[in-house]
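Please read them alongside the model.

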Amino acid sequence: MKVNVLIILLAFILIALPAYTQSPSDTGSAPSSDTGSVPSEISSTPPANRIEAEHPDKRLFGVLPNYRTVDAAIPFQRLTPRQKLSIASHDSFDWPTYPLAALMTFAMPGEQETKRYGTGWSGFANRYVRTSADQIIGNMLTEAFIPIMIRQDPRYFRLGTGTFWSRLRGSVAQIAVAHNDSGHLTFNTAEFLGNAMAVSISNAYSPNLRSWFDSTEKLGLMVGTDLLANVVKEFGPDVKQHLRHRHHHGT
């Protein structure tokens with residue numbers, strides 16, 4: 001029996017949420033256009049101790065698009081609509097997104113999927129086109145169109161320091177908490193509304209989403225993928241530095 005992924009994700013987010021929302025050093029005053037609320041445990045951290053603070057890799061491990069990651073310790077600067085569109089476009093159409101979509105299609109065929117779309121290369125191609133469309137539509141809605149309309153910031157603010165659990169909670173909580181264009185924390189409407197709209201659009205070309213359960217499961221999968229991406233963006237640079245350190249000491 002299937003378990004609704006969205007329910008599990010919501011429970012996970014609710015556990016992580018309090019620690020993240022209580023950490024901002026901002027006392028309620030509105031930040032200027034150049035600065036914003038930064039967690040107090042981060043703002044006092046010496047920049048020299050941070051990993052790739054100013055210029056994070058645009059592709060983690062050369063594959064995962066990382067265009068919307070910024071360092072949480074750097075003073076907040078609002079994005080223009082054009083910048084939001086640029087971030088979403090890079091995340092949607094950068095070349096690594098296509099093999100990633102192929103990997104997701106291959107890893108999650110499912111018995112029902114093969115019955116609906118067939119087997120072999122034709123069935124794979126059928127599912128791949130739908131997976132790619134879901135990914136592109138979801139990215140453009142959650143990172144560009146919805147954030148522009150509601151004046152929300154689509155970026156992931158990487159903590160980079162602190163305990164493993166505090167950083168894990170922060171990366172998970174950012175699925176539900178985002179910054180608005182003034183730098184204040186707010187509910188991440190773009191994430192949930194954008195992906196819900198993407199699922200609704202997907203109904204037009206995916207016959208497997210006709211039931212409410214299938215649609216909510218699809219929504220849970222899309223939000224869960226973004227959540228996992230947050231965790232990778234948080235800890236990926238640490239893994240890279242560790243591997244580089246081992247390589248230098250091994251030579």
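1. Phenylalanine 124 has a relative accessible area of 18% and is therefore buried; the classes are buried under 20% relative accessible area, exposed over 50% and partly exposed in between, with a 1.4 Å probe and protein chains only. Phenylalanine 124 and tyrosine 128 make a stacked aromatic pair, with 6.3 Å from centre to centre and 15 degrees between the planes. Rings of Phe, Tyr and Trp (its six-membered ring) pair if their centres lie within 6.5 Å; planes under 30 degrees apart are stacked, over 60 edge-to-face, and the rest tilted. Phenylalanine 124 and tyrosine 128 are 4 residues apart in helix α6, so about one helical turn separates them.

2. This is a predicted model: local features need pLDDT of at least 70 and side-chain atom pairs pLDDT 80 or more, while totals for chains, interfaces and linings use all residues. Residues are numbered from 1 along each chain as its sequence is written, and side-chain values use heavy atoms, with hydrogens and water left out.

3. The count of aromatic pairs is 6. One of them is edge-to-face, because the rings of tryptophan 121 and phenylalanine 124 have centres 6.0 Å apart and planes at 85 degrees. Both residues lie in helix α6, 3 residues apart. Tryptophan 121 is exposed, at 74% relative accessibility. Ring pairs join Trp121, Phe124 and Tyr128 in a cluster.

4. How many salt bridges does a search of the whole structure find? The search gives 8, a salt bridge being a side-chain nitrogen of Lys or Arg within 4 Å of a carboxyl oxygen of Asp or Glu. Among them is the contact of arginine 68 with aspartate 91, whose closest N and O atoms are 3.9 Å apart. Arginine 68 is in the loop between β2 (64–65) and β3 (69–71) and aspartate 91 in helix α3 (residues 81–93), so the pair ties together parts 23 residues apart in sequence. Helices (H or I, at least four residues) and strands (E, at least two) are DSSP runs, numbered from the N terminus.

5. Arginine 68 also forms a salt bridge with glutamate 143, at 3.5 Å between the closest N and O atoms. Glutamate 143 belongs to helix α6 (residues 120–150), so this pair ties together parts 75 residues apart in sequence. Glutamate 143 and arginine 68 are both buried.

6. Arginine 155 and aspartate 153 form a salt bridge of 2.6 Å, N to O. Arginine 155 is buried at 14% relative accessibility, and aspartate 153 is buried at 3%.
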